[in-house]
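Me: I am new to reading protein models. Please walk me through a few features.

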Amino acid sequence: MRILITAAGSHGDVAPYTGLGVRLAEAGHQVALATHRSYAEPVAQCGLEFRPLPGDPRAGGEPARGKGAMLRRAGQFVGELGRGIAEVAGPGTDLLLLSTSTAPLGWHVAEATGTASAGVYLQPVEPTGEFGPVVGGARSLGRWGNRAAGRAALGVVDRLHRDAVAELRTRLGLPPLSGSAMRRRLAREQWPVLHGFSSALVRRPADWRPGLDVVGNWWPTGQGDLPDEVEEFLAAGPAPVFVGFGSMGAGQGERLSRLAAEALRAAGRRGVVQAGWAGLAVDSADVLTVDRLDHAALFPRMAAVVHHAGAGTAAAALRAGAPSVPVPVTADQPFWARRLTAVGAAVAPVPFAELTAERLAAAIRRAVEDPSHREAAAAAAARMAKEDGAGRVADLVAALLRRAGG
């Protein structure tokens, strides 16, 4: 099949689809990944066709201030994104695989082109009584409250996309249809959604409809061995603590660098600090500052991992069997932080807004010195090793191909 995967957002929202795309290509399919231009190089490096989508979270410009300004900017982004998906999903595509962020627009493109589609989500956004909405960090409200809050969260998404969907359907020659009406249609059709996270963190809710499955992570394509500089640092002393905030903390590099250095020193630990979008940099004999490295190669060598609890980084730490110190910032990060803590693989989350050197040092000490956290992470890692998330997607594609008579 000629498959187009669409993904939008930060590095953690896009990178897993490189591994998924490679697996589908190995199964004999023609695979393209449509995403922002800043990811063109890693997409091409893993042998996939790159197709550009508008918008780029790394682009410069003043941050939007105030709720109204943020909503206007978000509305502009989704409008551009919808037009972009329509342009890249032209004739010749047999299957559209839609991420959480591109699905509310991609559904309409699939309808207009008659292209088969499926969801490949990194977050469990379908309402359930078992936990509250992933985005927003709300704690459990009980079974009825969780489902009501989950439906309300999807309502917010539909309102955000309302104008973009209306414009897109007009552009595609489709009659008007709201986001909520489209969701109901997809539910009736049991539209398939495969969720690329581990049941070691989130089991499939028992009240989900048929067609929604948790299959296990699809991992980013690796970058190979660690650089010599990193290997030399690791060999020069005890296992260090990793500190990184991924795409979070932009503009706070100086403060976060100072905080990380003080916390590591107070905890008595060497450190590997990842620059990330904030631009962290620590000048110390006991701390090595690095750029982007393969988490699969680095995290198993760490005494603990301090991270922002993005879905990909949280999963990578768990896969490595390393105890976590989650410092969630926004969006789905509080959800993943709580899940790590619930399975015993992490200390209690330290919210980014409340982060101090003293709190971080205390959390690092607990993560490293209490063996239960590493034991729980190792148990989860063993379970994750038995999952084949990308293989499950390949199985779905094969089933769709047989159904189409290919």
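Predicted model: local features only at pLDDT ≥ 70, side-chain atom pairs only at ≥ 80, totals over all residues.

Me: How many salt bridges does a search of the whole structure find?
Reply: A salt bridge is a side-chain nitrogen of Lys or Arg within 4 Å of a carboxyl oxygen of Asp or Glu. The search finds 14. In one of them, Glu-111 meets Arg-185 at 3.2 Å, N to O. Glu-111 is in helix 5 and Arg-185 in helix 7, so the pair ties together parts 74 residues apart in sequence. Helices here are DSSP runs of H or I, at least four residues, and strands are runs of E, at least two, numbered from the N terminus.

Me: Is Gly-196 buried or exposed?
Reply: Buried means under 20% relative accessible area, exposed over 50%, partly exposed in between (1.4 Å probe, protein chains only). Gly-196 has 5% relative accessibility, so Gly-196 counts as buried. Gly-196 sits in the loop between strand 6 and strand 7.

Me: At what angle do helix 11 and helix 14 cross?
Reply: Axes are lines fitted to C-alpha atoms, for helices over the stretch in contact, and angles between N-to-C directions run from 0 to 180 degrees. The two axes come within 7 Å and cross at roughly 100 degrees. Therefore helix 11 is roughly perpendicular to helix 14 (65 to 115 degrees; under 35 is roughly parallel, over 145 roughly antiparallel, the rest oblique).

Technical notes: Residues numbered from 1 in each chain as written. Heavy atoms only, no water.
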